[in-house]
Amino acid sequence: MIRTLWIFCLLATLKVASNSLEASDGASLFSTANEAYEQGKFQQAASIYEQAITNGASTATAWFNLGNARFKSGELGRAIAAWRMAELSTPRDSALRANLAFARGKAAGNVDEPTPVSDRLTRYFTANEWIAAAAITWWIFFIVLAFAIRRRPSTRTRPGMILILLGGACVLLIAAAVKSFFETYHRTRAVVTRQAAARFGPLEDSQISFQVTDGLEFVVTDSTDGWVQVQSTTGKVGWIKKGDVVIVSLSAKL
Amino acid sequence: MAVAAKRYLRLASHVWVWLAIWHVLARDGNAASVNATVSRTIITLGQTLTLTISVEGAQAQPPGLPAIPGIQVVSQGTSVQIINNAVQHAFTFELAPTQAGDMVIPGIPVNLGAQVAMTRPIQIKVLPPGAAAGGAPPPAFARIVLPKTNLYVGEVLDMDIQVFMQEGRLTQYPQLPADSGFTIGKWLKPTEARVAVSNATYTLITFRTPITAVKAGALTVGPATQSIIVPDRSRPPGFFFRNEREIRAIGELVTAVALPLPSNNVPSTFAGAVGQYSISWSAAPTTVAVGDPVTVRIQVAGRGWLDALKLPQQPQWRDFKMYEPNTKIEGSDPNNVSGARTFELAVVPQSADVKALPSFAFTYFDPQTAQYRTAATQPIPLTVKPGAASAVALPPLTATNATEAAPMSDIAHIKLRLGSVTAPLPLLVRPWFIALQVLAPALCFAMFVQRRRADALANDPRKRRRRETFALVQETLQRMRENADAHDSNAFFSNAVRALKEQIGERLDIPAASVTEAIVSERLRPAGFPEESCRSLEDLFHAANLARYAPVKSTAELNEQLARTERVLGELQAWEVKL
């Protein structure tokens, strides 16, 4: 029993140490990338930021700075993709929102479609924030319910208004959490990195449906060898070569 | 007379001495000699000759050869010999002529230390390739062949380099000097043939490549140098390998004149194409709305540098927005000099008034006719419908409705603090989170079930009494055990009677206090309680009565009574009485 406990402690220590080591590698690369950025070496800085993220420094700040480096290198689409990754964990960051708005304004053909209130609300908080809020309301609801069960004269008595309101709030928060979770972890998006043609089918000979330019964002609805099917906010659907877009998705992490 | 003779002799001896001295001095000053010779004065283009500068009687620096037009230095060397107590230095230069004709190797200055000596000029004759010098045909020679020497800038010509060799093998393609004013393409696969030249049989290997002049004026291509490995018969054959040596076949340079393209009346649809071309095109779909793209495919086929082709501007396409085209080349040779290049581009009609795709004009310069030619396509009819949503004109900004917000001119700067690592997994997929959320309704449900049971008990007195009686009986039996251990007979039997009365009262739904020994025969036996159990009950009551007067001291007896009491109580609890 004691030996098992020792082995467990040793393994846990090793795991923590390796995590720390990986994080310190990423932190030093992050600092190096910042220096390169300040010196105006944006391409180099972008490359080092990517290395830092791969080596444990996967933070919203690292993604944000990567987006800046890409933008300064003239890669509008890749910059937007990196900022979208940062937005998944810090959606209310004012600098991030400003940069995204600035870049989207530069993307040719970007139509400023009005976003539904529900979408704006769900994007204002992260998926985990919505889930936590729903969980807290869930617990409050059941605690109040348990109290009511214990105190009321009979189990057949109708529930009080507080319970109804709490239940409604719980349902709404759960819905928001599920929507946010789906949007964050199951919705794949694509950001165009260079001017290309969206075709009706995943073939070179297919007719062109519409033209896309660097920085435009789409939702990915399907994919096949070398091609992704995208849909714009206006409902246009077309197939674009995978080499012309950057995929933004957290579904691989699940 | 004798005196005169003596005076004469004295004078002669003086003169003789001075002459001897002068002779010695003069002889020492003229001891160094410089000589230049060539191995042969008549050679064939493609062969080499050796120039030897020999210096005797002096220490000499290796001379530097001046640039000799039409002759290039292949190699040089130095040797020293001692002959008849004299040291002779020999400086050798292997020379290769690059063109046929009469040439002069000029005098070459040689630095002897105290003085500079000049060699005498040497005349040599270089015969054209194929011509035998001194009767023997050359082992190999080369030739550059151009179909014409007057060409236009950008015009593609096929250049052949013909290599004639009696024997040997080639290890590389011909070498040409760079920066000749021509762009030279990739070598095509060489062809081979056997030919007879000057009574000798040669293997003719032809190398072909396209060339094009990149600037106007007199340009030279060549000389072409081809390295050939031949057997070396001057040495005895080796045991495993035969001896070989390298020779060079040199193709004389060729001068061509590149003419500039005419600058008068150049069509606006000319984008630099030189050659012979034809054009065809297609477009789809032909029924679109304003803003929807039409895919246009333009194919330019013919002969010329297809890689350099560009689509010219089309001034009549002002009603269309055009995007950068994708291109594909289908060349029939490795240099893409002939074949077709296809341009695919998207054009977007900007107005519903557009009725057709205008003709596409492609202008090229034809070197054969020395004229600009324009190939044009037929217009393609289009049906352009108005767009789905017309743009609404925004009200102009005035001082009253203009906002004060200053637009961003650049992105926000980077952040310097790394921050914490974002959680890779959402809460919803973490097992502990799921378990925690399941706990809340589970606890609530448990509480609900308990409340329901309490309510059920409250509404069923008999059930409640049964539970209470059961608890009481269990408690009483525990006390009886303690009484038995303590040899307390009175308490033991008192508890036993109490337990029996409570249980019988619960079963018969009568107060426990009204239960007596007679209840066994009055109510239990008629109600169907088993006879043996009835007798056990009667015995227990009887034993309890007796114990009042004669207490049971023995623990074993008490335990026996306890077991009998437990058994009867169990039978009563299991008995379903029909009231």
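Two strands pair if DSSP finds at least two bridges between them. Strands here are DSSP runs of E, at least two residues long, and helices are runs of H or I, at least four residues, both numbered from the N terminus.

Some ground rules. This is a predicted model, where local features need pLDDT of at least 70, side-chain atom pairs count only at pLDDT 80 or more, and totals for chains, interfaces and linings use all residues. Residues are numbered from 1 along each chain as its sequence is written, chains are lettered from A and ligands numbered from 1 in the order in which they are written, and side-chain values use heavy atoms, with hydrogens and water left out.

Start with strand 27 of chain B, residues 338–349. Which strands pair with it? Strand 26, residues 326–331, runs antiparallel to strand 27 of chain B and is joined to it by six bridges. In that pairing, B:K328 stands opposite B:T342. The hairpin of strands 26 and 27 of chain B has six residues between the strands, and B:N336 takes a positive phi near 50° there.

Strand 24 of chain B, residues 294–303, is also antiparallel to strand 27, with 10 bridges. Here B:T295 faces B:A346 as its opposite number. Then comes strand 25 of chain B, residues 320–322, antiparallel again, with three bridges to strand 27. B:F320 stands opposite B:P349.

Is strand 27 of chain B buried or exposed? Buried means under 20% relative accessible area, exposed over 50%, partly exposed in between, with a 1.4 Å probe and protein chains only. In strand 27 of chain B, 11 of the 12 residues are buried, so the strand is largely enclosed by the rest of the structure.

Now the interface. Contact means heavy atoms within 4.5 Å. Chain A gives 56 residues to it and chain B gives 45. The two chains bury about 4300 Å² between them, 64% of it on carbon and sulfur atoms. That area is the accessible area (1.4 Å probe) that the two parts lose on being put together, summed over both.

What holds charge across it? The rule finds three salt bridges between chain A and chain B. A salt bridge is a side-chain nitrogen of Lys or Arg within 4 Å of a carboxyl oxygen of Asp or Glu. One of them pairs A:R199 with B:E344, closest N and O atoms 2.7 Å apart. On the chain A side, several elements each supply at least two residues, including helix 1 (2–38), helix 8 (161–185) and strand 3 (208–212). Helix 7 of chain A gives the largest share, 12 residues.

Last, salt bridges elsewhere. Over all chains the count comes to 30. In chain B, B:R451 and B:D455 meet at 3.2 Å, N to O. Both lie in helix 2 of chain B (residues 431–458), four residues apart, about one turn of the helix. B:R451 counts as buried, at 12% relative accessibility.

B:D509 is partly exposed, at 44%.

B:E560 is partly exposed, at 48% relative accessibility.
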